[in-house]
Amino acid sequence: MDNLKNIKKFWNKKKVFITGHTGFKGAWLCVILNYLNSSIYGYSLEPKKNSLFNKTKIKKDISSNTYADINNLQRLKQKIHKYKPEILFHLAAQPLVIESYYKPLDTFKTNMMGTLNVLECIRGVNSLKSVVIITSDKVYKINKKNNNYKEQDSLGGDDPYSGSKAASEIIVNSYIKSFFKNNFLKNRVSTARAGNVIGGGDFSKNRLMPDIIKAINTKKTVVIRNANFVRPWQHILDPLSGYLTLAKKQYENKINNKYAFWNFGPDSKNFKKVIEIVKYTKKLENFKFQNLSLNNFNETNVLKLNSSKAKKELKWFPKWDLNKSISKTIEWNSLNNKGISARDICEKQFLMYINNK
Ligand SMILES: NC(=O)c1ccc[n+]([C@@H]2O[C@H](COP(=O)([O-])OP(=O)(O)OC[C@H]3O[C@@H](n4cnc5c(N)ncnc54)[C@H](O)[C@@H]3O)[C@@H](O)[C@H]2O)c1
């Protein structure tokens, strides 16, 4: 990623529309873009009571804040057409695998139709110069050799969440080929696939780090699912810097998108088993854990991403290794427990990230 001066210069006064701005990644993105003096137009469901969005009090700095369903095509269209953004990030989704087993219909509806609605709404919005649709590392067809997944690999999705995200990839590809090939959106719409994100301010259920943080704060025992599953762990600032870099390059029309799909995963030393994350975190903070012996939900055993394309073409590189990513997440929690504002911690960590500290 560029140095702070160039980043500020680019994002200053940019009109940015974000769906899913009240979520974990969305709130971090709002804090960063607000720090960089962009104008933010958010469209999401209401934030959860205990959420980073509320903790950072970022709502008051957002130019337009809409709480509405992404499945409401008319409302979404009205907002995008009204605000005429230059850049759009689509993050709104039902993002949890376990939840997708309980609510498959809602998951497919929100993740597939939500993406379709965004694509339909941006047609004819000539102000737009860059659109980044966030999907997932879970979109790939499981490859038994446990290779790292590259962008051109086949899509799959054996659980409802992964299937819904793979389906949204197909929808995006179809819109690019059908409607954005020869008009103002040519080479300006992409999907971004990141790994398993950790970082301060995630309060989601059934995610490893938030569960561990809860155990640290409450002194209760954390139950670990799938201790031996391997995931591409990364700090939230790594994929966010990838999304920002991609959005900027598309805006500047510096991309010739043969494949408009980008992996933003960590380096291979961050491909670690769940139990290794638990053990490393235990070195920093004390908490009790137990392994769940039987998991009723089918989840991918090994997930690894190959991010050479983003490294080569965007000059984007993951910065924080696993130890740093975990220690920054623990640091966020303990500073916040000491009363330091969530917004200040996010901004300081962003600056450390940019300045390689
Ligand atoms: N966190 C991760 O580890 C991870 C990994 C890979 C991909 N992703 C993807 O990144 C994106 C953001 O994930 P997150 O971790 O911030 O999730 P999150 O649950 O914290 O946030 C989800 C956001 O989507 C909004 N949303 C959900 N359903 C909606 C609906 N029907 N209408 C309007 N808005 C709706 C929520 O209000 C919230 O703002 C998602 O697309 C997710 O699939 C996340």
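Biologist: Which residues of helix 13 do Trp-28, Val-31, Ile-32 and Tyr-35 in helix 2 meet?

Modeller: This is a predicted model, in which local features need pLDDT of at least 70 and side-chain atom pairs count only at pLDDT 80 or more, while totals for chains, interfaces and linings use all residues. Residues are numbered from 1 along each chain as its sequence is written. Helices are DSSP runs (H or I, at least four residues), numbered from the N terminus, and two residues are in contact if their C-beta atoms, placed from the backbone, lie within 7 Å. Those four residues of helix 2 meet, in helix 13, Arg-343, Cys-346, Glu-347 and Phe-350.

Biologist: How many residues of the contact of helix 2 with helix 13 are charged?

Modeller: The residues of this contact include six nonpolar and no polar ones. The number that are charged (Asp, Glu, Lys or Arg) is two.

Biologist: Which helix supplies the largest share of the shell around the ligand?

Modeller: The residues of this shell divide into ten nonpolar, twelve polar and three charged. At least two shell residues each come from strand 7 (196–198) and helix 2. The largest share, three residues, comes from helix 2.
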